[in-house]
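My notes are kept in the order in which I looked.

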Amino acid sequence: MSTKIIKDSIHGYITLDETFSYIIDSPEFQRLKYIEQGSFRVLYPAARHDRFIHSLGTYHLACKFAQNFIKNIQEDLEINFDKVKNKNRIKCKIEKIQNTFYYAALLHDIGHAPFSHTTEKFFKGKTEIDGSTILINKQLCDAVFSIVEVDKAERFKSEFDDCSPSPHEIMSATILINNADNFLRDKKDDFDLELAARMVIGCTYDYNRQEEITKEEKIILGIKNCFIRLLNSETVDVDKLDYITRDTQMSGFDNVPIDIERLVRSVTAIRLKNKEWIYPAFRKNALSVIDNVFRAKTEQSLWMVSHPIVVYDSELLSYCIHRLNSLLGHDYISDVFSIDALGQKGVTINGKEYRLLNDIDISADLRTFYDKEELFKELYERQTRRHPIWKSYYEYKYLFKSEKDTNTEEDVFVFFKGLMDYMKDSEIFVLCDESLNQILENHQVSQEVKDAASFLNDFCVNNKINLNFVLLPSANSFSANFNAESVYILFSKLPERNRKNYETYKFLKDSGSNEDKHRMFYLYSKEKFSKEQMKSFKETLINQIEQKKMPRP
């Protein structure tokens, strides 16, 4: 069987056999060469990497993890496949699960929208006629129903409803099923397509719903769930390991190093719930690396994903794409951001064909209106952009933190939250004289929204500044978004505690995964504030917030 060897700047040589080589040469996979991995290049110009190489890197790590996982669980869980009844059958099942894991890892981003996470929300903009079903969810369920029996399909739908995959994960899972005949050809029976879809969206099998099953079936189901979590989880998985490492190294950002090889060698599983069901875990020698994964994700979120320049560029791009709906005279977003447009079939809009949709297609449409509206120019002219008044969470916290009230920075966010929500819902990107009048003259706008807008206008009048602001929330967690309760550490040679020989990462770290959750926003202005203006802005804002808190007589 012929193989393909690709040199990767992060992992070295990546080897693919004939089956997977055929997939990466397909038009659908080649499309990923024209989808930027992240939105960091506006900040780090060297971060020119794409979903194509990230997918190959994730596949490479999946191969390394799978082989060590199967070997380690036999030792740590004392599973001897040679002594299990029907040992040949169970080995064949495990081999099929591994093949499926590789397939899902390679195609986990096959459904990504142009500009990656910035525009994937547009996939969910369309619902069924009654408005009750999101179309992409239905498309995935229909795909699963086409390949499995009714009872399994119903179970999938029920468990799918209980998880919260991102739009691009749903699209990817749908594509890897619908295109399986072309991707896998005569090897299709060697893969479990429903399981592959579950791996991509992170939808595990519910152990509590299992009826009486054999020991062999419990092992197989447990291994399936472990592989699902090793691709898409709230803990450590091959997708995170690749993009954290790749994003930081390609950008030049100095992040915490991650010893991936140590994690690969230590991946294993533990038994929970009366020692019946297994969950993925890591041996104790990986503790320092897991801590670094946690820290590296936190640093990336804080200094890259949540950087004000990255946030501004992403929201500006989203706004301009929304404007295309009006400017092109049809439901541009719904038609272009569709599963047909991602594939070879494509869609035709006003005589223009969109197929194998990528960044270039959307950029071309945006440039058509370059000289029609100022905000479209901003996509390409940095001189015209507004600048953040504060440039990090810590600067925001330093500015608004009060010695009397430790929650002042949260109060400031809440004061402007209604205004930010209204502007987003009304597709207002800039607060200026025109949009201010629109807000103040609208009787349906709440007083809280009007108060926040009026405050900014009064500040500009008093300081002789033009009212020209952009307000963008950055109300996400700067932590690693880990579910610390599910990061299991195996202490195989230590005495058991309360009938178990594992602990969670949360216990070892002695801290919660949500300790760094913050809500904040960025204020962007055409004019830079002087030190005196910053002081005035803070003092007048805090006074107004305190007055609103005071009980009315």
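These entries go through the aromatic ring pairs and then the charges over rings.

Entry one. I kept in mind that this is a predicted model, and I began with the total, which comes to 39 aromatic pairs. I then took up Trp 390 and Phe 400, whose ring centres are 5.4 Å apart with the planes at 90°, and I noted the pair as edge-to-face because planes over 60 degrees apart count as such. Trp 390 belongs to the loop between strand S7 (387–388) and helix H19 (393–400), while Phe 400 is in helix H19, so this pair ties together parts that are 10 residues apart in sequence. I looked up burial as well: Trp 390 is buried, at a relative accessible area of 0%, and Phe 400 is buried, also with a value of 0%.

Entry two. I turned to Phe 459 and Phe 529, where the ring centres lie 5.3 Å apart and the planes meet at 40°, so I recorded this pair as tilted. The pair links distant parts of the chain, with Phe 459 in helix H22 (residues 447–463) and Phe 529 in the loop between strand S11 (521–525) and helix H24 (531–549), 70 residues apart. Phe 459 is buried at 3% relative accessible area, and Phe 529 is buried at 14%.

Finally I checked charges over rings: Lys 33 lies over the face of Phe 52, 5.0 Å from the ring centre, and the charged end of Lys 218 sits over the ring of Trp 277, at 5.6 Å from its centre.

Conventions. Residues are numbered from 1 along each chain as its sequence is written. This is a predicted model: local features need pLDDT of at least 70, side-chain atom pairs count only at pLDDT 80 or more; totals for chains, interfaces and linings use all residues. Side-chain values use heavy atoms; hydrogens and water are left out. Rings of Phe, Tyr and Trp (its six-membered ring) pair if their centres lie within 6.5 Å; planes under 30 degrees apart count as stacked, over 60 as edge-to-face and the rest as tilted. Helices (H or I, at least four residues) and strands (E, at least two) are DSSP runs, numbered from the N terminus. Buried means under 20% relative accessible area, exposed over 50%, partly exposed in between (1.4 Å probe, protein chains only). A charge sits over a ring if NZ of Lys or CZ of Arg is within 6 Å of the ring centre and within 35 degrees of the ring normal.
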